[in-house]
Amino acid sequence: MKRLVIFAGYSEKQILHSYVIHYLNKLNEISDVIVVFDNYFNNDTIDEINKYAVKSISKHHGEYDFGSYKRGFVWALENDILKKYDSLTFCNDSVFGPLYNIEKIYNNFDAHHSCDFWGMFKIVKKDIEHIQSFYTVFKKNVFESDCFRDFVLNITKLDTRDEIVTKYEYGLSKVLHNQGYCSKGLFYGEKYSARNFNALDLIVDGFPFMKKAIFKQNERTVLDCNELSQWMTVVNRNCFEYNSEYVLEYLKNEGLLSEYEKMISVSLFRQFINKRNCKKEYACDSEYRRT
């Protein structure tokens, strides 16, 4: 199977973090990669990115991740390369990982003929089902369709994150589902976010990523991720291919280390109080469960 990935990133401080280099390296091992950053980088940084990419674009556009997906897709169209690939992946730098071998996950979904597009986490509610946009994979019949092309090419700048989620994250899955395409998630549930009680349980069960936002206080993680203080233990015990120093380096470079240390002290205090109220908020299709 020949795969293409469009990777979207953003760094306000114009830093190419080591966790991103690891991410790009692992993607490059299983696919061709187009990298699109919504910021400028100097030539040395671009040269580093190009070690893992068939094309890199570094220019501020203000359309967030979907704007980067669009620009990567347009480049692929203009260079007439999409016909070479069996799958197209949209993913971004909002997570640390891959924590596990993701090629095995691809192989399982490649063999699942009733699945047209899939993601690492599928939101399943009464009124909506959608693949979370930090990692979505489209098979050839989807990314070559008119409805997919029209949707991506019509992505424009929106004012708020909520608008982006509603129109583009929810919207893309809705458009594809309405056209009869079927989706699956490696894991699925009513939510996956920094507020998820089971952020670390997911990793133990084989989820190959960890949200960056769990380390940001404005995501209210102190209140909700009761086991935040155990993240390094969980990663080191379960994810032998991942270096937890990537996370610490990111926190240090972004000036988040002191905030994180304060959060840990509060989180430790709250663990005993809140642990009893934790409940599993997701499920994993046993067919894809890590072994």
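**Close-up views of a predicted model**

**View 1. Contacts of Phe-37.** Phe-37 touches Phe-7, Gly-9, Tyr-10, Ser-11, Leu-16, Val-20, Ile-49, Ile-57, Ser-58, Lys-59 and Asp-93, leaving aside residues up to four places away in sequence. A contact means heavy atoms within 4.5 Å. This is a predicted model, in which local features need pLDDT of at least 70, side-chain atom pairs count only at pLDDT 80 or more, and totals for chains, interfaces and linings use all residues. Numbering runs from 1 along each chain as its sequence is written, and side-chain values use heavy atoms, without hydrogens and water. Phe-37 sits in strand β2 (residues 32–37). Strands (E, at least two residues) and helices (H or I, at least four) are DSSP runs, numbered from the N terminus. Phe-37 counts as buried because its relative accessibility is 2%. Buried means under 20% relative accessible area (1.4 Å probe, protein chains only). Tyr-10 lies 27 residues from Phe-37 along the chain, yet their C-alpha atoms are separated by 5.3 Å.

**View 2. Lining of the largest cavity.** The structure holds 1 cavity of 30 Å³ or more. A cavity is a set of points, on a 1 Å grid over the protein atoms alone, where a 1.4 Å probe fits but cannot get out; lining residues have an atom within 4 Å of a point. The largest cavity has a volume of about 70 Å³, taken as the space filled by probe spheres set on the points, which are joined across faces, edges and corners. Its lining includes Phe-66, Tyr-69, Phe-90, Phe-117 and Glu-169. The lining residues divide into 8 nonpolar, 3 polar and 1 charged. Here Ala, Val, Leu, Ile, Met, Phe, Trp, Tyr, Cys and Pro count as nonpolar, Asp, Glu, Lys and Arg as charged, and the others, Gly among them, as polar.

**View 3. Elements around the largest cavity.** α3 (64–78), β8 (135–139) and α7 (161–178) each supply at least two lining residues. The largest share, 4 residues, comes from α7.

**View 4. Helix α11 and the residue Gly-255.** The buried residues of α11 (residues 245–253) are Val-247, Tyr-250 and Leu-251. They lie on the same side of α11 because they cover an arc of only 95° around the axis. The arc is that of the directions from the helix axis to the C-beta atoms. Gly-255 follows α11 and has a positive phi, near 70°.

**View 5. The chain around these views.** The chain has 12 helices and 11 strands. Of its 291 residues, 55% count as buried.

Methods. On a 1 Å grid over the protein atoms alone, a cavity is a set of points where a 1.4 Å probe fits but cannot get out, and a pocket is an open set with protein on both sides within 12 Å along at least five of seven lines; lining residues have an atom within 4 Å of a point. Buried means under 20% relative accessible area, exposed over 50%, partly exposed in between (1.4 Å probe, protein chains only).
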